[in-house]
Amino acid sequence: MTIAFPKPDEAVLGRRKEIIEGLGRLLPPEALIVSEDERRAFETDGLTAYRRIPLAVALPSTTEEVSAIMRFCHEHGVKVVPRGAGTSLSGGAIPQEDAIVLGVSKMNRVLDVDFAGRTARVQAGITNLGISQAVAHEGFFYAPDPSSQLACTIAGNIAMNSGGAHCLKYGVTTNNLLGVTMVLLDGTVVEIGGEHLDSSGYDLLGLICGSEGQLGVVTEAVVRILRAAEGARPALFGFERVEDAGACVAAIIAAGIIPVALEYMDKPAIQICEAFAHAGYPLDVEAMLIVEVEGSDQEIDDMLRRIVAIAEPFKPKTMKVSQSEAESAAIWKGRKSAFGATGRVADYICMDGTIPTGQLPYVLRRIDEIVKSYGLGVANVFHAGDGNLHPLVMFNTNVPGEMEKAEKAGEDILKLCVEVGGCLTGEHGVGIEKRDLMTCQFNEADLAQQMRVRGVFDPRWLLNPAKVFPLEGRLAA
Amino acid sequence: MTHHLPRDEQEACAIIREASDKGTLLSLAGQNTKAEMGRPNQTDASISSTAMTGVTLYEPAEMVISVRSGTPLSDVVRTLAEKGQELPFEPMDYRPLLGTRGEPTIGAVAAMNISGPRRITAGAARDSLIGVRFVNGRGEAVKSGGRVMKNVTGLDLVKLMAGSWGTLGFLTEVTFKVLPKQERRATLVLRGLKDAQALEALSQALGSPYDVTGAAHIPARDRQGASTLIRLEGFSVSVDYRLGELRRLLKPFGGSTDILERGGADAVWQSIRDATVLKDGADRAIWRVSTAPTKGAEFAKFIAQSLDAQWFYDWGGGLIWISVPLAEDAGASVLREATRTFGGHATLVRAPAEIRSAVDVFEPQADALMTLAKGIKAAFDPKGILNPGRMYAGV
């Protein structure tokens, strides 16, 4: 475990009793968690290798309560770690000992749905799937669909600018958010955007998306809701060479087709997933593509016919167009269980770099070399349309030193992603996990500009301060 | 007045660093086709991107293009068209409205977040803008984002640059996500609907599964009847299918329907995109309003109660272009009352400089947001030398 946390501020730890009393005056008793046992439930998030027990946990129910807590922390110099459902894979919600956790999970109601205007106003603690469920009876849905959508909150999605498997067509959080109510550090409540497109003034909504809880706490959001397509159906292609799969993706796009999903799996990923899900994946190929298209039955048939014709010159060894709901479900079950199925055969860390899609064959070859040089294995799943690569670096926790090796291999892989023109993180966020790699992607001036903007909102580094920016060389405003 | 024409980013850094040292106020420009928009400001010198042109990266298979900021938009459009692709957000051309000459640059498209009818489903320019390089007010070259479309690494300064009207930095290179051009586009036209009815029809179309990529309503004017336009794009068989389904869906709205294709349809959508539908002479002011589509009809009605207004709707009713007489404040107080009542924001797109100096061109911001805007301005441009006051006083 190689990621450092800042040393807790002894003065703040020493004032714990008085801080808790202060917060106690602002919140009903059940909204303030102080006992060590209960605080432990908040010590980590989806990056479970790292844990810190917070000073206290506040679970407010209203924007006013959030405002009061923020003002108190601002006045008393107490750090605040905002939290949605705690599903971050990059450690974005991991607390620190001298900080309080401010969780928005109790604020989980739908406030208003306007089907004619295609918007929904929700409290920020609602789950991602909760929004889709609230509008499903009219055939609508909320488009970004991170794989944690059952649990993760829209507050967390905004903080991380979350994506999902369907963002090639529908975009990520920043493309689907119209407005927020946000509480600034000094307790000021601001309304940004609304039910209309393109907010006025500087694009603060765009800035907030992906700011990882460092600019304020979002308590309400207005999101776009979309009418779902009439249907969707995947096809599956297996290739003997990685290059052929990559070229096939390029040819599909060159033909003017934007599938709703375009997923790539390499041989180890295929084998792990097939053993788990019995999805009917071909075991004798090096690479597999899942291509899904949407529309009416007739449109889907037409589109899949075109895709099959495009794929043929690349000599796919397997070609299977789903013929039924059950077959579609099986094809997706395999892909969607990639992380879980890998977890059954090994411990793993999941990387999240993005690469220019044309670099895929080279990058996969290099990843293989990197991982082998540490004596480890890797399975790769890849959102092939948008270049977001998820190498799962496998190791055994019980072998001393293997986790550190996996972390090192992961670091090398992310550096490789940047080297070929990509980035450190496509959808999981920087958090603590990639914080110290930021200097690979950004130079001093780039980072200084980001920190100066951050400083406008939080000059004293009280909001989620251990994250995103390297601990050395921090600027205020 | 000195006009700087840097040939590359390094020269731009040197010019801006010197301006910062001396406190020289700079106007930022491309080819000045939109110089008559925004708040008029007084500057000591100008810096233009026009000597910085050319595509630096274009990967059709990855649907991404990087371009130096001074490149004419028309060059970008042509380069993409050669590979059967286009900018998803259909940027409008302000020249007909403003009566200006010259070639709009791609940098301005990013800096002013310029979109068109397809914005309703494909997102605005800011949604396709995935990377920028710019020079901040300190004269430092800064990058944000990159050339890959899924990227959450660090604060998204790309979005801040989009729509900041050159007040935060001088863009030197912009990278856009692009899309394949569709095989066919066709427009279903409903005739003779009143505003409220028409917007309801557009809402139903946009709320259908039929992937509408344009939804506009042009009210009756002079001897021309009202037309409500719904555009579909895609493979031909799919367009046919969806046209049929939409016709069925919208039958209850009555009236005659027909289908426009090719040249005729393209001309109509261009006139919607460029707001030339208004057909008004330069003796009238033009406002651009973004509001909730369900409030569009009421918004326009409210304006028409106090002003001699002409208008039409895009974005399913959420974008209203309004022309009003230039008299007094060019309708500013009425427009501002309407945005307070119905929500959204209004921008005075065309009016003489005296009026643009006297009234708020952009929607006034709440105090707390204005404080943030000033802080952000200072974080990029501490001496306030870049396009000072172009959007708001003090920014």
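Predicted model: local features only at pLDDT ≥ 70, side-chain atom pairs only at ≥ 80, totals over all residues.
Two residues count as being in contact here if their C-beta atoms, placed from the backbone, lie within 7 Å.

Helix α10(B) takes in residues 262–273, twelve residues in all. From first C-alpha to last it reaches 16 Å, close to the 16 Å expected at 1.5 Å a residue. Four of its residues are buried, namely Val268(B), Trp269(B), Ile272(B) and Arg273(B). Their arc around the axis is only 140°, which puts them on the same side of α10(B). The background is simple: an α-helix has 3.6 residues a turn, so residues three or four places apart point the same way. Over on the other side of α10(B) sit Gly263(B), Gly264(B) and Ala267(B), and these are exposed.

What do the buried residues of α10(B) pack against? Their partners are strands of chain B: β12 (212–218), β13 (227–234), β14 (257–261) and β16 (310–314). Past the helix comes Ala275(B), with a positive phi near 60°.

Turning to chain A, strand β3 (residues 79–83) has five of its five residues buried, so β3(A) is largely enclosed by the rest of the structure. The cover extends to both faces of the strand. Lys79(A), Val81(A) and Arg83(A) are buried on one side, while Val80(A) and Pro82(A) are buried on the other. As for its pairing, β3(A) runs parallel to strand β4 (residues 99–103) of chain A, with five bridges between them. Within this pair, Lys79(A), one of the buried residues of β3(A), stands opposite Ala99(A) in β4(A).

Terms used:
Residues numbered from 1 in each chain as written. Chains lettered and ligands numbered in written order. Helix = DSSP H or I, 4+ residues; strand = E, 2+ residues; numbered from the N terminus. Expected span 1.5 Å × (residues − 1). Buried ≥ 20, exposed ≤ 12 C-beta atoms within 10 Å, placed from the backbone. Arc of directions from axis to C-beta. Pairing = 2+ DSSP bridges.
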